[in-house]
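Work through the exercises below with the sequence and the 3D view side by side. Try each task before you read its solution.

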Amino acid sequence: MFETDMKSPETVQVTFDLQRQIGRLASVSAGYVHTSGKNMPILANFANAYDRVTGARPNPAVTPGGWYVTSGQTMVYNAFEGNASLRRFHGLDMALHYTLSKGWSQQGGNLIGNFNSSIGDGGSGSGYNNTQDFFDPLLDVDYSPLIGEVRHRVTGTLVYEIPFLAGREGVLGGVLGGWQLSSVFNFRT
């Protein structure tokens with residue numbers, strides 16, 4: 001069942017960044033990212049639609065195995081992003097990126113609710129991101145991490161231009177000169 005007057009999802013994004021050039025070759029930056037959302041789809045399981053004191057169901061005709069979809073989910077995301085880079089230092093380019101983030105919502109903060117959730121179980125009601133109180137899904141106990149949230153993420157890149165035969169003319173320089181070695185590494189929790 002769907003709420004008859006569902007609202008369109010809304011989000012607000014805010015970013016604030018500082019950057020600093022250090023000499024001709026290096027730079028650093030730091031930033032803050034915030035996103036908040038409301039009116040996102042939330043699924044309430046009819047199995048949880050009962051009075052917690054008496055155990056009575058408000059409408060016995062509604063089967064406990066169904067779902068009620070409303071636009072009542074909210075979400076919040078905050079992150080710090082830091083970057084450092086070094087360019088063309090003896091043929092070497094390096095960059096390091098770090099993100100520390102935290103986000104939470106009632107059912108993962110995605111726009112499709114729990115219909116297609118890798119964290120929940122897709123509909124049987126035992127996923128941890130299902131609401132516990134059918135009548136008040138905005139309780140603090142129902143908040144969980146965002147779908148796909150990564151608390152710490154580190155990414156680094158290295159590119160080294162091999163100096164061997166780089167400036168040589170002719171076929172030998174054209175074939176063997178100007179090669180680069182590169183690497184990318186990722187770490188996340």
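The exercises go from the whole chain to single residues.

This is a predicted model, where local features need pLDDT of at least 70 and side-chain atom pairs count only at pLDDT 80 or more, while totals for chains, interfaces and linings use all residues. Residues are numbered from 1 along each chain as its sequence is written, and side-chain values use heavy atoms, with hydrogens and water left out.

**Exercise 1. The whole chain**

Find how many helices and strands the chain has, and in what pattern they follow along the sequence.

Solution. 
- Step 1: apply the rule. Helices (H or I, at least four residues) and strands (E, at least two) are DSSP runs, numbered from the N terminus.
- Step 2: read along the sequence. The pattern is β-β-β-β-β-β-α-β.
- Step 3: look at burial. Of the 189 residues, 31% are buried. Buried means under 20% relative accessible area, exposed over 50%, and partly exposed in between (1.4 Å probe, protein chains only).
- Step 4: look at contacts, which are heavy atoms within 4.5 Å. Among contacts between residues at least 6 apart in sequence, 67% join residues at least 24 apart.
- Step 5: The chain exposes about 11,900 Å², and carbon and sulfur atoms supply 61% of it. Accessible areas come from the Shrake-Rupley method with a 1.4 Å probe; for residues, only the protein chains shown count as cover.

**Exercise 2. A hairpin**

Work out in which sense strand 1 and strand 2 pair, parallel or antiparallel.

Solution. 
- Step 1: locate the strands. Strand 1 covers residues 10–22, and strand 2 covers residues 26–45.
- Step 2: check the pairing. Two strands pair if DSSP finds at least two bridges between them. Here there are 13 bridges, in the antiparallel sense.
- Step 3: pick one position. Opposite Glu10 stands Lys38 of strand 2.
- Step 4: inspect the turn. Three residues lie between the strands of this hairpin, and Gly23 takes a positive phi near 65 degrees.

**Exercise 3. Salt bridges**

Find how many salt bridges the structure holds, and which residues are joined into one network.

Solution. 
- Step 1: set the cut-off. A salt bridge is a side-chain nitrogen of Lys or Arg within 4 Å of a carboxyl oxygen of Asp or Glu.
- Step 2: count. There are four.
- Step 3: start at Arg88. Its partner Asp93 has the closest N and O atoms 3.6 Å apart.
- Step 4: find another partner. Glu161 and Arg88 meet at 3.3 Å, N to O. Glu161 lies in strand 6 (residues 152–161) and Arg88 in strand 3, so this pair ties together parts that are 73 residues apart in sequence.
- Step 5: check a further pair. Arg151 and Glu149 meet at 3.4 Å, N to O. Arg151 is partly exposed at 32%, and Glu149 is partly exposed at 22%.
- Step 6: join shared partners. Arg88, Asp93 and Glu161 form one network.

**Exercise 4. Around His97**

Which residues does His97 touch, not counting those up to four places away in sequence?

Solution. 
- Step 1: His97 lies in strand 4 (residues 92–105). At 32% relative accessibility, His97 is partly exposed.
- Step 2: list the residues touched. They are Gly82, Asn83, Arg153, Val154 and Thr155.
- Step 3: look across the sequence. His97 and Thr157 are 60 residues apart in sequence, yet 8.9 Å apart in space, C-alpha to C-alpha.
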